[in-house]
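Hi,

Here is the structure I promised to pass on.

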Amino acid sequence: MPAKVLFSSVKFNKYDEDATLPAKFRRLIDQMSMEDMVKDKWTAVKMHLGRKSGYSTIHPIFVKILVDRLKEYGAKVFITDQIVSGTENRGYTEDYLGVPLIPACGMMDKYFYEKKVDFKTLKNIDVAGHIADAEVMIDLSHVKGHGVCGYGGACKNIAMGCVTNRTRQQIHQLEGGITWDEDACTRCEACLRNCNYHANKFNDENKYQVFYHHCTFCQHCVKVCPTGSLVLNNQQYKDFQTGMAICTEEVLKTFQPGHVFYINFLMNITAVCDCWGFTTPSLVPDIGIMGARDIVAIEKASLDAIKNEDLLPAGVPQGMTLGKEGHLFERLHGKNPFVQLEELEKRGLGTQEYVIEEVN
């Protein structure tokens with residue numbers, strides 16, 4: 001059966017507060033049927049609180065609306081992320097939100113529950129202690145592009161935000177895409193001169209390295225290499241997405257069925273993740289807010305809502321040429337964003353079949 005995805009659009013039909021998105025968001029929360037589930041339970045609101053001068057994270061007014069509603073339902077609420085320091089710069093304070101902001105793995109990143117897995121470099125899923133201890137989780141995600149996996153939403157918010165640095169490092173070690181033949185390489189640096197995004201370098205040991213957050217798989221480095229020492233191998237970024245799905249599955253296992261809710265904000269949709277600590281112009285106009293109990297369905301609905309024809313050119317770096325195939329995020333970053341959905345679906349975490357129910 002298709003999963004239900006609630007949707008509140010930014011569109012409005014009159015100059016009235018009740019017709020605007022904050023009011024619609026209150027009604028969307030009520031239609032998610034959380035009240036009985038969260039009553040008297042420790043409820044973690046997991047979100048990305050941003051970094052430095054970034055200003056495209058979820059606006060504090062929406063976080064306040066959610067927190068207040070959960071408290072009215074009788075939930076014992078706290079907000080959590082990998083890092084909670086410096087959040088006042090973006091309006092996230094305990095005084096305003098009315099609930100504590102808690103580092104997911106504790107102040108020293110040492111409070112976690114270890115789970116063993118075996119996928120290439122990914123061996124240890126260290127589930128954040130304050131996530132595992134919670135009885136209910138609201139996965140509150142800001143939708144945006146991502147340099148490694150193409151897309152960051154509900155899955156990435158869990159996979160990279162509900163674990164320790166050790167697990168994040170192991171997942172990032174799954175990154176790949178360009179194979180370097182050291183014996184064939186003459187270190188002529190043609191690859192470096194022809195990379196528009198400064199994504200490659202020779203390190204202190206004179207080894208070639210690619211920083212895949214920057215890399216767009218434009219293949220300029222591959223094409224200009226005079227000795228053929230660089231070969232495109234675009235399978236490894238799929239390993240990163242598989243690693244995220246594995247990690248998400250392990251985190252979700254710590255909750256009873258039906259005790260996790262997903263809310264995706266399709267606003268200020270930028271090219272790269274909020275962890276960069278800066279904000280670029282939006283890629284597409286604001287769309288609205290989605291809510292669901294199925295992580296795969298909400299991710300599919302979110303990606304489907306972001307259309308190539310709605311591209312705002314200012315959201316793309318000047319001089320950059322987009323690819324010609326696939327989703328907008330794939331054209332931008334060279335990575336198919338749907339891989340993570342396929343991997344989540346394989347693990348029985350949801351379905352890509354959905355129906356939209358609009359909440360006005």
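Let's begin with Ile-131: leaving out residues up to four places away in sequence, Ile-131 touches Ala-44, Lys-46, Thr-80, Ala-104, Met-137, Cys-162, Val-251 and Phe-255. Touching, or contact, means heavy atoms within 4.5 Å.

Before going on, a word on the source: this is a predicted model, where local features need pLDDT of at least 70 and side-chain atom pairs count only at pLDDT 80 or more, while totals for chains, interfaces and linings use all residues. Residues are numbered from 1 along each chain as its sequence is written, and side-chain values use heavy atoms, with hydrogens and water left out.

Back to Ile-131. Together with Ile-306, Ile-131 touches the most other members of the largest nonpolar core, which has 78 residues. A nonpolar core here is a set of buried Ala, Val, Leu, Ile, Met, Phe, Trp, Tyr and Cys residues joined through side-chain atoms within 4.5 Å. Buried means under 20% relative accessible area, exposed over 50%, and partly exposed in between, using a 1.4 Å probe and protein chains only. There is also a second, separate core of 37 residues, and Phe-25, Leu-28, Leu-97 and Val-359 are among them.

Next, strand β7 (residues 136-142), where seven of the seven residues are buried. (Helices are DSSP runs of H or I with at least four residues, strands are runs of E with at least two, and both are numbered from the N terminus.) Val-136, Ile-138, Leu-140 and His-142 cover one side of β7, with Met-137, Asp-139 and Ser-141 on the other. What does β7 pair with? Strand β2 (residues 42-46) runs parallel to β7 and is joined to it by four bridges, with Thr-43 partnering Val-136. Strand β14 (residues 260-266) also pairs with β7 in the parallel sense, over six bridges, and here Leu-140 stands opposite Ile-263. Pairing requires at least two DSSP bridges between the strands.

Then there are two helices to look at. The axes of α1 (residues 21-31) and α3 (residues 60-72) come within 10 Å and cross at roughly 35°. Those axes are lines fitted to C-alpha atoms over the stretch in contact, and angles run from 0 to 180 degrees between N-to-C directions. From α1, the contact uses Leu-21, Pro-22, Phe-25, Arg-26, Ile-29 and Asp-30, and from α3 Phe-62, Ile-65, Leu-66 and Arg-69.

Beyond its neighbours within four places in sequence, Glu-249 contacts Arg-347 and Leu-349.

Cheers
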